[in-house]
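The following exercises concern the structure shown below. Each task is followed by a solution in steps.

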Amino acid sequence: VTQEMQWGIDTEPQAKSAFESATGLIVTDLPFVPHPTIENLGCSPDGQVSDGCLIEIKCPSSLTMLEWLLNGVIPEEYKPQMILQSLCFGGVPVYFCGYDPRLPEKRQLFIRKFEPTHEELTVIETAAKQFLEEVDAMFDLLTKGD
């Protein structure tokens, strides 16, 4: 666990509280959730929101948070993770929540709601199936002759 990862782990409860205060919605923690039909596939969203959506929380460096605030959009590198989470829950929207309590109060929270398209869900589902097939093939190769 890097120092940055530990910061995120330690700060996530504050982020959830800030999200709840800002939106009036409640976040419930979730365990690992398996995909309903694809074996060995699942996700660990940061919570389920009382409006039926999921939430993915990030507590980045202040510089990164400022970039997110200036750009005003969900960073592309987190979309595949959020699409997979949505896929495991039947296509529900996912809130992206960035939080940094070191910034001035009005700049501590960045929230955007992401609603994956059918095409985005299909692309991630296909990639996940292909990946799992490759893992199975490697496992078979490694255990051949045991």
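**Exercise 1. Determine how helix α3 and helix α4 are oriented towards each other, and which residues meet.**

Solution. The model is a predicted one.

Step 1. Two packed helices are described by the angle between their axes and the distance between the axes.

Step 2. Helix α3 covers residues 79-88 and helix α4 covers residues 118-143; their axes come within 9 Å and cross at roughly 95°.

Step 3. Angles of 65 to 115 degrees count as roughly perpendicular. Therefore α3 is roughly perpendicular to α4.

Step 4. On the α3 side, the residues in contact are Pro80, Ile83, Leu84, Ser86 and Leu87. They meet Glu120, Leu121, Ile124 and Glu125 of α4.

Step 5. Sorted by class, this contact has six nonpolar residues, one polar residue and two charged residues.

**Exercise 2. Describe the largest pocket and state which elements line it.**

Solution.

Step 1. Rolling a probe the size of a water molecule over the atoms shows where empty space is left.

Step 2. The volume of the largest pocket is about 300 Å³. Its lining consists of 17 residues, and those closest to the centre are Glu4, Met5, Gly8, Cys59 and Pro60.

Step 3. Two or more lining residues come from each of α1 (3-23), β5 (54-58) and α2 (62-71). The largest share, six residues, belongs to α1.

Step 4. By class, the lining has eight nonpolar, three polar and six charged residues.

**Exercise 3. Find the partner of lysine 16 in a salt bridge and locate both residues in the chain.**

Solution.

Step 1. Side chains of opposite charge can pair when their charged atoms come close.

Step 2. The whole structure contains six salt bridges. In one of them, lysine 16 pairs with aspartate 29, with 2.1 Å between the closest N and O atoms.

Step 3. Lysine 16 lies in helix α1, whereas aspartate 29 lies in the loop between β1 (27-28) and β2 (33-34). The two residues are 13 apart and link distant parts of the chain.

**Exercise 4. State how many helices and strands the protein chain has, and give their order.**

Solution.

Step 1. The protein chain has four helices and seven strands.

Step 2. Read from the N terminus, the order of the elements is α-β-β-β-β-β-α-α-β-β-α.

Conventions. Residues are numbered from 1 along each chain as its sequence is written. This is a predicted model: local features need pLDDT of at least 70, side-chain atom pairs count only at pLDDT 80 or more; totals for chains, interfaces and linings use all residues. Side-chain values use heavy atoms; hydrogens and water are left out. On a 1 Å grid over the protein atoms alone, a cavity is a set of points where a 1.4 Å probe fits but cannot get out, and a pocket is an open set with protein on both sides within 12 Å along at least five of seven lines; lining residues have an atom within 4 Å of a point. Grid points are joined across faces, edges and corners, and a volume is the space filled by probe spheres set on the points. Ala, Val, Leu, Ile, Met, Phe, Trp, Tyr, Cys and Pro count as nonpolar, Asp, Glu, Lys and Arg as charged, and the others, Gly among them, as polar. Axes are lines fitted to C-alpha atoms, for helices over the stretch in contact, and angles run from 0 to 180 degrees between N-to-C directions. Angles under 35 degrees count as roughly parallel, over 145 as roughly antiparallel, 65 to 115 as roughly perpendicular and the rest as oblique. Contact means heavy atoms within 4.5 Å. A salt bridge is a side-chain nitrogen of Lys or Arg within 4 Å of a carboxyl oxygen of Asp or Glu.
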